[in-house]
Amino acid sequence: MAQPLVKKDDDRDDEAEYSPFLGIEKGAVLQEARVFNDPQLDPRRCSQVITKLLYLLNQGESFTKVEATEVFFAVTKLFQSRDIGLRRMVYLMIKELSPSADEVIIVTSSLMKDMNSKTDMYRANAIRVLCRITDGTLLTQIERYLKQAIVDKNPVVASAALVSGIHLLQTNPEIVKRWSNEVQEAVQSRAALVQFHALALLHQIRQNDRLAVSKLVTSLTRGTVRSPLAQCLLIRYTSQVIRESGSTQTGDRPFYDFLEGCLRHKAEMVIFEAARAITELNGVTSRELTPAITVLQLFLSSSKPVLRFAAVRTLNKVAMTHPMAVTNCNIDMESLISDQNRSIATLAITTLLKTGNESSVDRLMKQITNFMSDIADEFKIVVVEAIRSLCLKFPLKYRSLMNFLSNILREEGGFEYKKAIVDSIVILIRDIPDAKESGLLHLCEFIEDCEFTYLSTQILHFLGIEGPKTSDPSKYIRYIYNRVHLENATVRASAVSTLAKFGALVDSLKPRIFVLLRRCLFDSDDEVRDRATLYINTLGGDGSVVETDKDVKDFLFGSLDLPLANLETSLKTYEPSEEPFDINSVPKEIKSQPLAEKKAPGKKPTGLGAPPAAPVSTVDAYEKLLSSIPEFANFGKLFKSSAPVELTEAETEYSVNAVKHIFDSNVVFQYNCTNTIPDQLLENVTVIVDSSEAEEFAEVLSKPIRSLPYDTPGQTFVAFEKPEGVPAVGKFSNMLKFIVKEVDPTTGETEDDGVEDEYQLEDLEVVAADYMLKVGVSNFRNAWESMGDDFERVDEYGLGPRESLAEAVSAVINLLGMQPCEGTEAVPNNSRSHSCLLSGVYIGNVKVLARISFGVDGPKDVAMKLAVRSEDEGVSDAIHEIVASG
Amino acid sequence: MESCPSIKNILLLDSEGKRVAVKYYSDDWPTNTAKETFEKAVFTKTQKTNARTEAEVAMFENCIIVYKFVQDLHFFVTGGEDENELILATVLQGFFDAVGLLLRGNADKKEALENLDLILLCLDEIVDGGIILETDANVIAGKVASNSLDAGASLSEQTISQALATAREHLTRSLLK
């Protein structure tokens, strides 16, 4: 239809040229754009030039500010032409250029004219363009037209206005919210897509009003929804309403019938949306699942890959929580293993691995072996992970699964893939004692020919811990010592450490290890030599068969109970001097950085500059801050600083939050204050603390802020004395006291006279958790066993009715203030019981470990069994007291 | 889950993975380099598959990508990982068929580039800022092809060649219906 552009282009005259844009140049096209200024416009030629400009932009070319402005002004001239095709290109071009506010004004009147034109196509497009480039002020001018357009009888115009409304809601919510009557009317439109767009907009307008959403869903589920897309939306909103209506343990779920009815809809996208919504229901029962699984099963044998993919992906998710419900599909799933689309095949395999039973494992493994060779690494990783969990589920089958893993370990593969395999083998060795010896040998063979330094060192480290405990440790020595000959310095160094561990644990091997270590003394690398020297000295005994000291074992095998990042910062700040570096000076608190950062933007009222202790490395910052104040110098070492506690509502005149600093026999409250009133200066700011509800505390000093100008945070401190080493608790009420002085906002001058004023703050509490440091352990079981049960205290508690198990678990963790280990703070959905591992350091540097088993008792009641081990009897009791009184 | 189905991008690439026309609606790929890297990765990943009779699907970088090929043109539609795959497939089919109609069944790279204006208008009519506008190929093609002159313009303003072109367009439109 359009004349081939080739003919018009000066650059080439060869008709057979492949691309009409070959050799196109930005400068030349910009020159060509001058035709836009011709008094006699040639619409065809202008369209072609715009196409060329759009082509350049589409290829990633960018215009400078000047170029863009020039093109924009030239394009606006084209509104004179009445050629529809050209006008369409002008609309596109304006959207692509996204003009600045002062440029928008130029086209506003033209676009507004188009918005009221008789041609529907002009109206629809002008609305979309105008809403894309407009700002709030202009929007109020055109609001009237947009409201009309929403209920326009032409569906294209109505959709254009509604979709623009969805976009504008992000930037100008208060304006768009005024349109709800019109939008409501549009929801009833007979045009399918108008209904879809109106429903999407109406829901977004009302999304924070649960009752309104619920009403909307109720009325629509009874009525008729015309387009499949709108029906999908309705399904999503319905599941949202179901989710928010809370779990109904008894009786039928509201709206379930609607979802089930959608499974019989004629559009596949609706059927799938409904099936997926049912599988994702909270606490879905198998009776509810069945119809959804049945339609998904039908999809599995569809000829359309997208349908098969969607179904198998959803079933894969269901298999994680309800494996039994999916077993019916196993036959269809098995035929998908040979699917052309590898994504589908991988999902089918992993689903089968999740739902398979013990007898089918061998058959499945045979099928997978053929399949592994022709899929990409990322899919292989998924399969490896699925096999790992299968093996943990059926420990008796470890032999064939371990063989499979070792076979694929020998094949070609990238780092991530190999790492996944090695990790899996390590986990299997750890959890299935029978698999240990064969697993270790597989790993040994792997490092004989391993190109990844990281994996070699990891395996060597693991060998050092597990190898000596096997029946015949000597057979691993050869593999390890080979590394010293064949590998790079990093691997050699870690092989030396591994050798030393064998020497320390297996007394009979010690003389031979000694010989090997001596040879390492001549290595070309410093680190390798240093390690060899160190270990020869620590092992001692001149290479004879003697028992190794406990200290040496601790040194070799004990875990470093410090966060590495803290050690690193401490080492960096250490200056070489007479005094040796003291490892005990490294703070043990784990920095909960991600949490603090997440909180920061959301909660802090605007205008509150970051408090002096920014979330980044809080501990160090606080320590530095406190040590700079001479009054606090004799308080000793800071034990713990709490996270800031807000003492005012957001956006009040004065914003205050407090940090509790715990010392051995003192507690310091740091109040971070911000003055958010521009024409006030506060002087002599203090916090008057009433500690009548905290008997064991006695105020020792208070440090005021001399002057607190607008929007510059300042800190005032109040220090208390408390009995040494005792975890005293109490409640403190706070009153901010200060002198207000008026400031002239224009000149910045301050009046001399001030008025004394007070401001009530919220209460602050010192709780038991403030005396607990969050210190994690890497291997909880080891730590638990090595702690011994001398001071173990076990007791059971009823927590009463709770919202959910997860809520109860996190409440207990917060109450104790301990670090959850091994990810046990996460409670899987719908589980009825959970165990949680916690570790921490209590005031007085006493290590504490806790093992808590939660169980749901009756409909909502949660009960727990708490076992505490620590190095001190009193502390174990104290932990129980915290729980008993909390 | 996103409450409203949304499209992250629509790509039309040639048989070497080069751009014919692309449109991004999300900020996931802020720079042109990021976009090109994504396109290259998507292209390489899907290149060997046979997506000529039925649309195919892949997961990649937390996105769902549905795609379909014809001649030397590769069509892609990308959505978030929680998106309903069948909705994406409907959008893809709408785009694919509309381009087929607009290029009068001659869907290949040469024809597409020669009618790039139509392709760009077509993209504009399918999705607006990530929200699905229309998925029916006939409606989309109909909107794009209504390229005639404004009814108010008089014939005297047209040159001979323009008149010829108009006539040709009218013919095309009647063919499309």
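1. Which residues does Thr716(A) touch, not counting residues up to four places away in sequence? In this predicted model, Thr716(A) touches Phe669(A), Gln670(A), Tyr671(A), Cys673(A), Val685(A), Thr686(A), Val687(A), Lys703(A), Pro704(A) and Ile705(A). Thr716(A) has its place in strand E8 of chain A, which covers residues 714–721, and with a relative accessible area of 0% it is buried. A polar atom of the Thr716(A) side chain lies 2.7 Å from the backbone oxygen of Lys703(A), and Lys703(A) is also among the residues that Thr716(A) touches.

2. On aromatic residues, the count over all chains comes to 24 aromatic pairs. In one of them the ring centres of Phe780(A) and Trp784(A) are 5.8 Å apart and the planes stand at 20°, so this pair is stacked. Both residues belong to helix H36 of chain A (residues 780–787), where they are four residues apart, about one turn of the helix. Phe780(A) is buried, at 1% relative accessible area, and Trp784(A) is likewise buried, at 5%.

3. Two arginines deserve a look beside tyrosine rings: Arg87(A) lies over the face of Tyr122(A), at 4.7 Å from the ring centre, while the charged end of Arg478(A) sits over the ring of Tyr479(A), 4.5 Å from its centre.

4. In chain B, the buried residues of helix H5 (residues 137–145) include Ala137(B), Ile140(B), Ala141(B), Lys143(B), Val144(B) and Ala145(B). At the start of H5(B), a side-chain oxygen of Asp136(B) comes to within 2.9 Å of the backbone nitrogen of Asn138(B).

Notes:
Residues numbered from 1 in each chain as written. Chains lettered and ligands numbered in written order. Predicted model: local features only at pLDDT ≥ 70, side-chain atom pairs only at ≥ 80, totals over all residues. Heavy atoms only, no water. Buried < 20%, exposed > 50% of the residue type's maximum accessible area, 1.4 Å probe, protein only. Helix = DSSP H or I, 4+ residues; strand = E, 2+ residues; numbered from the N terminus. Polar contact = N/O pair within 3.5 Å; in protein donor to acceptor, adjacent residues only side chain to side chain. Contact = heavy atoms within 4.5 Å. Phe/Tyr/Trp six-rings, centres within 6.5 Å; stacked < 30°, edge-to-face > 60°. Lys NZ or Arg CZ within 6 Å of the ring centre and 35° of its normal.
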